[in-house]
Amino acid sequence: MNHALRIVGRSLALAASVLPTLAWAQAEQPTSGHFSYVGREADAAWRKQALDRIELIRKGDFGVRVEDASGAPVPGASVRIEEVNSAFQWGSALQFERLVRDTPENRRYREMVLKLFNEASPENDLKWPNWEGDWGPGFSHEQAIAALHWLKDRRFYVRGHNLIWPGKGAEWKDLPKSIRELKGTPRQGEIPGMILAHIRDITSATRGLIDEWDVVNEPWDHHAIMDLFGPKIMVDWFKAAQAGLPGGLLYLNDWGNQGLLGENPSHWRNTFETAAYLRGLGAPLTALGLQCHINRNPTAPEDFLAALDLYAALRIPIRITEFDINTDDEALQADYTRDFFIAAFSHPSVIGVQLWGFWEKAHWRPKGAMYRTDWSEKPNGAVYRSLVLDQWRTREAGVTDQGGRYAGRGFYGTYRVVVRAGDRRAERTFALVSGGPSPDVEVRIP
């Protein structure tokens, strides 16, 4: 606990040193009329710096050696390099029914999922009330497991959302009926054991299909169980999650914490202090989730980056878990999507960005979608496609030198290399990994 308090103290001091330099960002935000954000201008210095960081931290060098059947180098061979999967995870929350129920509309939905993303989570299917059947026949264990298999069969990285949403307000909102019914009864003391049993049950049922879990969701305003049994109970939840998913990332996930200058700075303080408290008590909290639901007055990118710097003091990965922008201003939405993605991708602690839906007909806030009901692309969808699927996806072509070599540099991920020399052809795959040695890929042409 002392170690956790030292972390909190150092990082809050860091925040205090950062806040004065960012205070102008808050002051310049309009309160009515046309909304914008500081840092939107085309020549913003922060953006150039972020793009430079992306080139530095998200890319690595690789080499290709082309040889003939005898091992002699083949000069002048054509080499085509294509990144087939990004190491950085770009994803979306999905409606699982659409993955397993075969309709023309759902087939189009699945096609777009495969085109756009390499990571996903359920929007609702694994939430505890649904797992117990509280939300009716639209959800079932069979549907959830079938959808998870669909994703895994297509090599998606899959997030579990969530193990416990620990109750909001006097009605204990978002806890299952089986728990809410025990409130204030002689059986209330059974609740901690029931929570652990649920964690064991759902992690066992989804073993091999889930790569990471949101263990505690939104403790900022969902804390009924902690109020009743004390905050240390969260440590037990993380330990149970670790037993159910050994080696997987385990998240504290919360909202309103993507900047230091927001309407309520208590949000980021609560996120940071809760994480430090749990780690100080030995909880296997191994990642931090920032929801980032943005409304019409977005967080300045520099403020977002300052928050990421603060959370980086915890020395755990950070994922943007629930990104969207709820606004009618599609130009603002597109510009902020661009700048938010650039800022997130430029920060070394961030491992992925997950949207909270992408299609207007399957989105909790339809204005936040990238595609309209008729599947026409909105400006923010064009931004996503341009950045994620084009500018940040390596595709190269060239020829080998006299020594049969081709040198390149690309974004971290998995690659396919196709080599041709006359009518001869060979193909290999390789991985370009951050922190690993630069691969020297040998391709032998028969």
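Trainee: How do I read the accessible surface of the chain, and how much of that surface belongs to carbon and sulfur atoms?

Mentor: Keep in mind that this is a predicted model. The accessible surface comes to about 18900 Å², and carbon and sulfur atoms hold 51% of it. Turning to the residues, 54% of the 446 count as buried.

Trainee: What does the radius of gyration of the chain say about how compact the chain is?

Mentor: Start with the inventory: 14 helices and 16 strands make up the secondary structure. The radius of gyration is 24 Å, close to the 22 Å from the globule rule for 446 residues, so the chain is as compact as a globular protein of that length. Along the principal axes, the C-alpha atoms fill a box of roughly 80 × 50 × 50 Å.

Trainee: And the contacts in the chain: what share comes from residues 24 or more positions apart?

Mentor: Take the contacts with a separation of 6 or more; residues 24 or more positions apart account for 76% of them.

Trainee: What about charge, then? How far apart are the mean positions of the positive and negative charges?

Mentor: You compare two mean positions. Here there are 53 positive and 56 negative charges, and their mean positions lie 3 Å apart.

Trainee: Let's pick one residue. Where is threonine 321 found, and is threonine 321 buried or exposed?

Mentor: Look in strand S10, which spans residues 318-325. Burial is called under 20% relative accessible area, and threonine 321 has 0%, so it counts as buried. Beyond its neighbours within four places in sequence, threonine 321 is in contact with Arg159, Asn253, Gly289, Leu290, Gln291, Gln354 and Trp356.

Trainee: How many aromatic pairs does the structure hold, and how do I read one?

Mentor: There are 25 aromatic pairs. For each, check the distance between ring centres and the angle between planes; under 30 degrees is stacked, over 60 is edge-to-face and the rest is tilted. Phenylalanine 88 and tryptophan 90 have ring centres 4.8 Å apart and planes at 50 degrees, so that pair is tilted. Phenylalanine 88 is buried at 5% relative accessible area, and tryptophan 90 is buried at 3%.

Trainee: Which kind of pair do tryptophan 359 and tryptophan 375 form?

Mentor: That pair is stacked, with 4.3 Å from centre to centre and 10 degrees between the planes. Both tryptophan 359 and tryptophan 375 lie in the loop between strand S11 (350-355) and helix H14 (379-391), so the pair ties together parts 16 residues apart in sequence. As for burial, tryptophan 359 has 1% relative accessibility and counts as buried, while tryptophan 375 is buried with 11%.

Trainee: Glutamate 360 is in that loop too. Is glutamate 360 buried, exposed or partly exposed?

Mentor: Partly exposed, with a relative accessible area of 29%. Now set sequence distance against spatial distance: glutamate 360 and valine 350 are 10 residues apart in sequence and 27 Å apart in space, C-alpha to C-alpha. Setting aside residues up to four places away in sequence, glutamate 360 touches Pro366, Ala369, Tyr371, Arg372 and Thr373.

Trainee: Last one: which residues of H14 are buried, and what covers them?

Mentor: To read a helix, list its buried residues, then look for what packs over them. In H14 the buried ones are Asn380, Gly381, Val383, Tyr384, Leu387, Val388 and Leu389. Their cover includes strand S3 (89-94), helix H4 (104-116), helix H13 (330-345), S11 and strand S12 (395-399).

Key
Residues are numbered from 1 along each chain as its sequence is written. This is a predicted model: local features need pLDDT of at least 70, side-chain atom pairs count only at pLDDT 80 or more; totals for chains, interfaces and linings use all residues. Side-chain values use heavy atoms; hydrogens and water are left out. Helices (H or I, at least four residues) and strands (E, at least two) are DSSP runs, numbered from the N terminus. The radius of gyration is taken over C-alpha atoms; the globule rule is 2.2 Å times the number of residues to the power 0.38. Buried means under 20% relative accessible area, exposed over 50%, partly exposed in between (1.4 Å probe, protein chains only). Contact means heavy atoms within 4.5 Å. Accessible areas come from the Shrake-Rupley method with a 1.4 Å probe; for residues, only the protein chains shown count as cover. Lys and Arg count as positive and Asp and Glu as negative; His and the chain ends are not counted. The place of a charge is taken as NZ of Lys, CZ of Arg, CG of Asp or CD of Glu. Rings of Phe, Tyr and Trp (its six-membered ring) pair if their centres lie within 6.5 Å; planes under 30 degrees apart count as stacked, over 60 as edge-to-face and the rest as tilted.
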